[in-house]
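Reader: I would like to learn how to read aromatic ring pairs and strand order in a model such as this one. Could you take me through them step by step?

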Amino acid sequence: MEFRALFLLSLMGLLFVEPGFGQRGDVDVAKWMTDKVELMKNLEDKLRHIERQQNNIEALEARLNATVDKLMRQNAEVDQLKKENEGLKMRLNATEEELDKLKQNIPKGAPQIAFSASLANFGEVYRGPCTDKALIFKRVFSNSGNGYDQNTGIFTAPVNGLYFFSFSTYGYNTHDMGAILMKNGDRQISTYDKPSADGSDSSSNAVVLQLVAGDKVYMELWDNGRVFDNLNGHTTFSGFLVFPA
């Protein structure tokens, strides 16, 4: 606005320095003034147009800067997800190696007891927060020995022995994410991640437990916890008999 005022004042000064203005006999003063006023109005209109264009440019720059900031945040989230995926791959490879070693130690003729399941057998499933915190893994990949009950989510040991259990959990940053592996009502191991700035979290854990026939192993949510799953199998529960004892 200061620039506009200074510009108009300077323009008025130039306009009124008219050669021969004092020679009233040669100049139609009324017409001259009318022409100058009209010129001033035209120049003011053009100046307002320039100001509007400048405002539009500034608004466009602001939107562009906001878009750049958003893209930078999204790129940071993608990088974080890549790191998490690499970590999951490393843990998965380590678990597979451990499983291979354990399988090699299984005595011949031992009971064949193993199960693996994920939370969602169709669509998308958000589980929690809820009063009944038990997780029921509906999509059963295998259930040798029928130790796992897909209606209750509970694995009941058919025989005495040493059992290996693993699980993974996935959730978003709106709630506590994770779960607890329970044995006969007692906590054994867990995963956990509190709400944070990142978009989602995933984690996993594993344990070897000594069980007697009839012992029950199952998964529960944390208080105010929530997990997510779909047919990609993000939230899972697995176990098998290492050897009877």
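**Rings and strands**

Author: Phe237 has a relative accessibility of 0% and counts as buried, where buried means under 20% relative accessible area, exposed over 50% and partly exposed in between, with a 1.4 Å probe and protein chains only. The model is predicted, so local features need pLDDT of at least 70 and side-chain atom pairs pLDDT 80 or more, while totals for chains, interfaces and linings use all residues. Residues are numbered from 1 along each chain as its sequence is written, and side-chain values use heavy atoms, with hydrogens and water left out.

Reader: How many aromatic pairs are there by the rule?

Author: A pair of aromatic rings is described by the distance of the centres and the angle of the planes. Rings of Phe, Tyr and Trp (its six-membered ring) pair if their centres lie within 6.5 Å, and planes under 30 degrees apart count as stacked, over 60 as edge-to-face and the rest as tilted; the count comes to 17 aromatic pairs. With centres 5.5 Å apart and planes at 45°, Phe137 and Phe237 form a tilted pair. Phe137 lies in the loop between strand S3 (134-135) and strand S4 (139-144), whereas Phe237 belongs to strand S13 (residues 236-244), so the pair ties together parts 100 residues apart in sequence; strands (E, at least two residues) are DSSP runs, numbered from the N terminus. Phe137 is also buried, at a relative accessible area of 1%.

Reader: What are the centre distance and plane angle for Phe155 and Phe165?

Author: Their centres are 5.6 Å apart and their planes stand at 70°, so this pair is edge-to-face. Phe155 sits in strand S6 (residues 154-156) and Phe165 in strand S7 (residues 161-172), 10 residues apart, and both are buried. Ring pairs join Phe155 and Phe165 into a cluster with Phe115, Phe137, Tyr148, Tyr163 and Phe237.

Reader: In which order do the strands of the open sheet run?

Author: Two strands pair if DSSP finds at least two bridges between them, and here five strands form an open sheet in the order S4-S1-S13-S7-S10, with antiparallel pairing. S4 and strand S10 (200-211) are at the edges with a single partner strand each, so one side of each is left without a neighbour in the sheet. S7 and S13 pair in the antiparallel sense over eight bridges, and Phe164 stands opposite Phe240 in S13.

Reader: Where does Ala114 lie?

Author: Ala114 lies in strand S1 (residues 114-118) and is partly exposed, with a relative accessible area of 26%.

Methods
Helices (H or I, at least four residues) and strands (E, at least two) are DSSP runs, numbered from the N terminus.
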